[in-house]
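Subject: Structure for you to look at

Hello,

I am handing over a structure that you have not worked with before. Please open it first, then read the notes below it.

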Amino acid sequence: MYAEILPFQTPASEIAGRQPVGIILSGGPSSVRDDGAPRCDAAIFELGVPVLGICYGMQLMADMLGGVVEPAPEREFGHATVQVDTTSSLFAPLPEAVRVWASHGDLVASLPPGFRAVGTSDNAPVAAMENVERRCYALLFHPEVAHTERGVDILEQFAATVCGCDGDWTMTSFLDEATARVAEQVGDGRVVCGLSGGVDSTVAAMLIQRAIGDRLTCIFVDNGLLRLNEAAQIEGRYAEQLALTVVCENATDRFLGALVGVVDPEQKRKIIGGIFIDVFEEVAGRVGHFDFLAQGTLYPDVIESVSVVGPSVPIKSHHNVGGLPERLSFELVEPLRALFKDEVRRLGEELGLDELFVWRQPFPGPGLAVRILGEVTEARLAILRTADAIVADEVRRFGWYRRLWQSFAILLPIQTVGVMGDERTYEHVIAIRAVDSRDGMTADWARLPDDLLAVISSRIVNEVRGVNRVVYDISSKPPSTIEWE
Ligand code: XMP
């Protein structure tokens, strides 16, 4: 099913112009009782199109349609159990009790006229409500986060049963449309594309090549912050398996030189982003003339870069979004802008990309620099690389690599006391992070089997010189992030 995300103040007339079959009002951090809280155009409820309110979206719907929203006696945050009414279309295939993820400080104290409660939890008398005649539905919890069991089923019920979507927006139909769009945009121009070795940029390049053939040139920059043997593996795979023209540039010394003495996470990210742009610009200038710059931008990047009101607060600067286009005066080609990661993977399979690329776990642009807390040095990179390779090895051996969104090691900036043989040691600590996620926007720590954790820990302490302790990160996102910096 195809969906777009629009700012809250988009006029109902503009929304109607897009001919939606359903509208979802999302959650958000405000309270409807706050001055300046975001409010949608009231005419949205008069379009005759089904509306689903989620969390803040439910409170807004209740408030705008004549209900009463009040502060809850206790803020509900985290797991909750909701008793659902399975006579509601939203919950028809569900059991009567579902575990959900909730995060709200307000509750609906009195329903708007014509609505009935179809879900209830200990802290929220109205955890879900509907008005079938008006085609309005709402949930106080978050069906879109991985922590809500059957959340996807609830969204699917809304899309399929209430809105009548039949799910024919497939990757096969997308591939043909996207190829035609690129061919039309580029005409007889030339495109340069940065490859990271990850699935997004690889799939973007393959799709563009399908549209314009050898008028595409790719650049792969080795920043010296990749994992063990990774640069050579990536270069090898590009050369052997994909008929792409790739220029490989080893810029390790420039990146590591600029990181000497730097410990602040944002400063690391900015330095790495800046040098990446310099190197990319130099290589592109050396290779030829280009009219377009291709990027594997995905929909989450697009959403995160829209500032709706006032300055948005960046959580981390992602150097692959922004930066490059501003400096190089190329027109952008971004064929994956409408897609999420799981869709890009399906598109990769459609394009015949092999499993090692398609199922490569995401890896951040600034690489191991954001997994070495404190200064990035050759010696510390060597410790992290060896530990990280052990994590990857064992996770694969236990058959968990594809099940996890990411699994990796982090080098902490502290030393702890240990004992090896009869000797006291005072050495580094490695943290292990493994998470489940659908798109990286929310994540839960993975319940890895004890045996896997045990073998990772003993191998790291035995095989990585300078490490005497291994810890496992049991935080979810939010409130933590996936990467430590
Ligand atoms: P966080 O740490 O923000 O990460 O929870 C969410 C996802 O994004 C990846 N990540 C990056 N990817 N450039 C990237 O291409 C970056 O600068 C960057 N920083 C984080 C992270 O690995 C996770 O999958």
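A cavity here is a set of grid points where a 1.4 Å probe fits but cannot get out, and a residue counts as lining when it has an atom within 4 Å of such a point. Please keep in mind that the model is predicted.

The structure holds one cavity of 30 Å³ or more. The volume of the largest cavity is about 40 Å³. Around the largest cavity lie Glu-76, Ala-80, Val-82, Ala-102, His-104, Ser-121, Ala-124, Ala-127, Leu-140 and Phe-141. By class, this lining has seven nonpolar residues, two polar and one charged. Strand 3 (68-84) and strand 4 (97-110) each contribute at least two of the lining residues, and strand 3 gives the most, with three.

The second largest pocket

The second largest pocket has a volume of about 540 Å³. Its lining is made of 23 residues, and those nearest the centre are Arg-227, Gln-233, Ala-392, Arg-396 and Tyr-401. Two or more residues each come from helix 6 (230-241), helix 12 (355-358), helix 13 and strand 13 (406-420). Helix 13 gives the most to this lining, with six residues. The lining divides into 11 charged, eight nonpolar and four polar residues.

Helix 13 and helix 14

Helix 13 (residues 378-397) also packs with helix 14 (residues 450-463): their axes come within 10 Å and cross at roughly 150°. Angles over 145 degrees count as roughly antiparallel, and helix 13 and helix 14 are therefore roughly antiparallel to each other. The crossing of helix 13 past helix 14 is right-handed. On the helix 13 side, the contact is formed by Ala-387, Ile-390, Val-391, Asp-393, Glu-394, Val-395 and Arg-397, and on the helix 14 side by Leu-452, Val-455, Ile-456, Arg-459, Ile-460 and Glu-463. This contact has eight nonpolar and five charged residues, and no polar ones.

Helix 4 and helix 11

Another helix pair is helix 4 (residues 171-186) and helix 11 (residues 341-350), which pack at an angle of about 80° with their axes 10 Å apart. That angle makes helix 4 roughly perpendicular to helix 11. Met-171, Thr-172, Phe-174 and Leu-175 of helix 4 meet Glu-343, Arg-346, Leu-347 and Glu-350 of helix 11. The residues of this contact are four nonpolar, one polar and three charged.

Regards

Definitions and conventions. Residues are numbered from 1 along each chain as its sequence is written. This is a predicted model: local features need pLDDT of at least 70, side-chain atom pairs count only at pLDDT 80 or more; totals for chains, interfaces and linings use all residues. Side-chain values use heavy atoms; hydrogens and water are left out. Axes are lines fitted to C-alpha atoms, for helices over the stretch in contact, and angles run from 0 to 180 degrees between N-to-C directions. Helices (H or I, at least four residues) and strands (E, at least two) are DSSP runs, numbered from the N terminus. Angles under 35 degrees count as roughly parallel, over 145 as roughly antiparallel, 65 to 115 as roughly perpendicular and the rest as oblique. A crossing is left-handed if the near helix is turned anticlockwise from the far one by less than a right angle, and right-handed if clockwise. Contact means heavy atoms within 4.5 Å. Ala, Val, Leu, Ile, Met, Phe, Trp, Tyr, Cys and Pro count as nonpolar, Asp, Glu, Lys and Arg as charged, and the others, Gly among them, as polar. On a 1 Å grid over the protein atoms alone, a cavity is a set of points where a 1.4 Å probe fits but cannot get out, and a pocket is an open set with protein on both sides within 12 Å along at least five of seven lines; lining residues have an atom within 4 Å of a point. Grid points are joined across faces, edges and corners, and a volume is the space filled by probe spheres set on the points.
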